[in-house]
Structures are given as C-alpha cells and as structure tokens.
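Here is a walk through one structure, taken site by site. Have the sequence and the 3D view open as you read.

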Amino acid sequence: MQKNHLLLPALAGLAACTGGDKKQEAAAPEQPMNILFIMCDDHSYQTISAYDQRYIETPNIDRIANEGVRFTNSFVANSISGPSRACMLTGKHSHANGFTNNSTRFDGSQLTFPKLLQQAGYQTAVVGKWHLASTPTGFDYWDILIGQGEYYDPYFIRNGEKIQREGYATNITTDVAINWLENLRDDSKPFCLLLHHKAPHRTWMPDTCDLELFSDSKFPVPETFYDNYEGRIAAQQQQMSIAKDMGIVYDLKMADYEHELHGPYEGWGREMYRQRLRPEVQAAWDRHYDPIIEDFKSRNLTGNELAEWKFQQYMRDYLRVITSVDRNVGTVLDYLEKEGLLDNTMIVYTSDQGFYMGEHGWFDKRFMYEESFRTPLLVRLPGGKKGDVAQLVQNIDYGPTFLDLAGVEVPEEMHGDSFLPLLKGKKTEWRDALYYHFYEYPAEHAVKRHYGVRDGRYKLIHFYNDIDEWELYDLKNDPNELNNLYGQPGTERITKRMMKKLAELQEQFDDPIRNEK
Ligand code: SGN
Ligand code: CA
C-alpha cells in the first residue's frame, strides 16, 4: 500500500452522512492479529440495540455483536472518563495507576499495554478523546482532542502540533483513524488503533444531518424516573437530576434570542449554540431548535410535565448523536472489509462507563449502581466465539486481553485478566466478584466517594469521606437497586460474606483505603 502523509481529499469526506461501498474481502495477510479498539464517551448500553431495543436501532454496532461476542456483565473499575481510560491503559485499578479523578495527570512513564505492544512490533495509534492531560506515550501516532473536545470544528493535537479541523467530531475522528490506517501506518506490522470518540458526551450536540431524527418519538419514561432515594443517603445528595440539574439552555439548547430562558451554565450554552457554530451549521440549528424553543415557551411547563419534557428532549439529542456514532462505526467496518482486514483484526466496541438515561431521574454516571457501573462490550474476534459471555469482566481486563492476543506475556503487576479464552469459547477459571472505587468528590454532580464489591447477585457499597453509609443490594430480587438491605434483619450472613470478599479484593489489589477504615 502506498503511504502518503497528507489527508487525501477522497478520504476526507468518507465519514460524512452517507454509507461506504462494500467490496469483496481480499485474502488476509499472515501476521499477528490487529486490534481496533473503538470506544465512545458515555455511551449507555441501553442505547445499543444489541442490548436494548426500547430506544434506537444501531445496526452497525450490532454487527460487531452479531459476528462476535456480546458481554452481558461488563463493568468499569471507576465510572468516569480519565480514570476509566487509565485503568484500560495500565490494566490496574485507579489507586495503583494514580489517575483517580478527572483533575489528575496521567503518569505516562508507567507500564501500559500500548507500550508493550509497540515493543512487540505493533504499530500503535490513538485518535480522538484522550482526556489524560499528559502527552500520550507508547503510540507511534496520536491525534487527540483537547480535554473533552468540541462537537463542531474541534481542535486536535497531532503528534504535538495543534490543528483545527472543520466538521463534526465523530466524522472527523473516523476520517483521521481511516487516514492513519490507509496512509500513515507501516503495514508490514500489525496495528493497534484506539479510536476514541468524544460522542455522546454532554451536551449531546447532533450532526446537522441528524437534527430531525426522533422529533416525533415519545420515549417510555424509565420506571425509576420518580425515585425518591429512600434509604440511600448518597443518592439523595447527588446533583445529576434531569428535573433539577439539567439546564434548559445549556443541556437542552433552548438558547432563545430573547434571553428569557435561564438555567445552569447558561452562558456557555448560549456561546456554544449561538456564537461558535459556522454560519451554515447555525442556520440548520436555528431551523431545528427555534420552533422547539417557541413551543416550549408557549407551554409554561412545571413539575412532572417539565421533567418529562426535559427527559424527552435529552433522549432525542442523545440518540441523534448515537445515530452518527453508529453510522461512523459502519464506515470503519466497511473500510476494514474493503481492505480485507476483517479476518485478521479483533474489533472491540465499548464505552468509558455506562450512563443514566433517566433511570433514578438522572443523567451522568459515577455511581456503582448498575446503569453507570456497567458498560457495553462487544468483541468480534475472527475465528472466535459467537454469542453471549456472562462472566464478570472489567475495563482492567482489556490490556491483558490485547497482550494475550499479541502473544505478549501479561505483566504480573496488572490487576486485570485476559478474557481471550472467553472470546474463544474456552472453559477457564474466572473471578466471582469485582472491585470498584470512585474518588471524584467534592466535584460536579456531587456523587460521594465510594468503593464496593459486586458478585453475580449481590452488591455492597461503602460511601465515605464526609459521609459513612453502607448499601447492600440483592440484584436478583431488586435489579433497580431501590431497596437498601444493609442493616436489615436476615441479611447478616450475606453482609458478612460480602464484607469478607471486599476485604479480600482490597488486599489483593493493595488499595490503601483498607488501612484508613
Ligand atoms: C464535564 C461535564 C460533566 C461530566 C464530566 C465528566 N460537564 O465536566 O457533566 O460529568 O465532564 O465526564 S460539562 O458541563 O462540561 O459538560 S467524563 O465522561 O469526561 O468523565
Ligand atoms: Ca465518559
């Protein structure tokens, strides 16, 4: 393949609002398996049709599941962006990799899976959201958004050079990734490409071509939408409620020209939606949102009616953004197919954590409750198993899995385990419980610090710092985690067992918190 270090015009438009053309697969070259690690930011499993059919069809993401494995019990170690990414890179829990919350700076001198793959002869690249503050290490090519990145005309840092690219972030990130695959990498070596979209992070800004989708849809309000958080003190104190904390102007784009509507972060919202967009994008946005603003104002909604209106509007924008993600996943799959790379590339689709789609009345993440602790995880391994894998896996397992696939020994210091045997459908000894630790408090959304353990049925959580609250759930009888059993008569035996398991995991991973109790 001829290498050319310019962004080819033919390629630059590949990931726009249309599909790619499918050609016959060529013969697969003989070399170690490539790795394509696609991750979206804040993509809930509820909004992937391979997991949940209530809201949206995602045929391209589903293709990975249909031609590979759907993990039904996939979780993170710390439900927030930077820390989750650091867990993935290092294969270690947050206390051991040092990146405990989003204001930390990743120590890039430590051992990571991309470094080890590079040493083993892989070409490595990271494209899109990085969010670890320090310069990427272990990558031959890095082309990353700054911080959270912007949805429109985003700035990137490409191997140290700051550049702005015109267009919509999800399309551009796809184009940059394909350009690396097509023109920049050394194709005599296997590749490991981290394609990490900023979408669908807040404030869920759709591509212009998707603005009119879902406009007439009415989504079912989750059964826990009006949760009163009885028996759950930390949940009572959060600030991530759709009714109370979601901004009409900032989050829901009701930036009226008359400045009559107000809410949290209003200034940023007005700037993003009324000043920063290119004129043609602005015109499309005005065409879409202005009539909604007018209608919203005329209704003077309050109470539950207002909360449900916000929920519907949130869902529409979020799902529009997901439509673009799914389309772009299709573009990448088509590219791999066209180039004959599908047969020797492991494709992973996941998110940096789960996300609330109105469950408990919330948006955002952070809690060890199911919706944010879980993540989607779909893996297409050529020659591997097809179907579901139910074992408890976690984001600290990705690094060990990639190394295992590449034939590289997994370092003893990594906490995670390779789930390659599970992908191959082999019987293997597997863990029976997961450890979790969230640190980002005091901070936005006011979710208290907590750690906990989850096995196949029960979950024990301890909220600490300026609070000292324990919670215990029986996920079989109470999947929505509404009934905190901690301290209730009859739960002594299970509490003791989960406490023991928690202590064992804290000791196994050497979390210093165990000495502070
Ligand atoms: C931003 C968001 C928060 C979000 C964090 C972390 N606010 O601060 O709502 O919880 O990111 O998200 S915003 O007003 O800037 O959108 S993370 O996925 O990057 O960890
Ligand atoms: Ca995130």
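Let's start with Trp204, which sits in the loop between β8 and α7. This is a predicted model, and in it Trp204 has a positive phi of about 50 degrees even though it isn't a glycine. Trp204 is also buried, with a relative accessible area of 0%. The loop between β8 and α7 holds Thr203 as well, and the peptide bond joining Arg202 and Thr203 is cis, with omega at about 15 degrees.

Arg366 is another non-glycine with a positive phi, here about 80 degrees. You'll find Arg366 in the loop between β9 and α11, and with a relative accessible area of 4% it counts as buried. A cis peptide bond also runs from Tyr441 to Pro442, with omega near 0 degrees. Pro442 belongs to the loop between β13 (433-438) and β14 (449-455).

## The calcium site

Which residues hold the calcium ion (ligand 2)? The ion is coordinated by Asp41 (OD), Asp42 (OD), Asp352 (OD), Asp352 (OD) and Gln353 (OE1), at 2.1 to 2.7 Å. The arrangement is irregular, because the six donor atoms around the calcium ion subtend angles of 52 to 172 degrees. For six octahedral donors, the ideal angles at a metal would be 90 or 180 degrees.

Along the sequence, the donor residues follow the spacing D-D-x309-D-Q. Asp41 comes from the loop between β1 (34-40) and α2 (59-66), and Gln353 from the loop between β9 (345-351) and α11 (370-373), so this pair ties together parts that are 312 residues apart in sequence.

## Around ligand 1

There are 19 residues around ligand 1, and those that come nearest are Tyr250, Asp364, Arg366, Glu444 and His445. Arg366 is the residue with the positive phi of about 80 degrees. Asp42, one of the calcium donors, turns up here as well, with a side-chain N or O atom 3.2 Å from an oxygen atom of ligand 1.

A polar side-chain atom of Asn102 is 2.9 Å from an oxygen atom of ligand 1, while for the side chain of Asp364 the distance from an N or O atom to a ligand oxygen is 2.7 Å. On its own, ligand 1 has 460 Å² of accessible area, and the protein covers 90% of that.

## Two buried loop residues and a helix

Ser241 lies in the loop between α7 (233-237) and α8. Is Ser241 buried or exposed? Its relative accessible area is 9%, so Ser241 counts as buried. Setting aside residues up to four places away in sequence, Ser241 touches Met246, Gly361, Trp362 and Phe363. A polar atom of the Ser241 side chain is 3.2 Å from the backbone nitrogen of Ala243. Ser241 and Tyr257 are 16 residues apart along the chain, and their C-alpha atoms are separated by 26 Å.

Thr112 has its place in the loop between α4 (94-97) and α5 (113-119) and is buried at a relative accessible area of 1%. Leaving out neighbours within four places in sequence, Thr112 is in contact with Leu89, Thr90, Phe106 and Met414. In helix α8 (residues 266-274), the buried residues are Glu266, Gly269, Arg270, Met272, Tyr273 and Arg274. Part of what covers them is α9 (279-299).

Technical notes. Residues numbered from 1 in each chain as written. Chains lettered and ligands numbered in written order. Predicted model: local features only at pLDDT ≥ 70, side-chain atom pairs only at ≥ 80, totals over all residues. Heavy atoms only, no water. Donors = N, O, S within 2.8 Å, 3.2 Å for Na, K, Ca; no water. Tetrahedral: all angles 85-135°; square planar, octahedral: opposite > 155°, others 65-115°. Helix = DSSP H or I, 4+ residues; strand = E, 2+ residues; numbered from the N terminus. Near = heavy atom within 4 Å. Polar contact = N/O pair within 3.5 Å; in protein donor to acceptor, adjacent residues only side chain to side chain. Areas by Shrake-Rupley, 256 points an atom, 1.4 Å probe, with all protein chains shown as cover. Buried < 20%, exposed > 50% of the residue type's maximum accessible area, 1.4 Å probe, protein only. Contact = heavy atoms within 4.5 Å.
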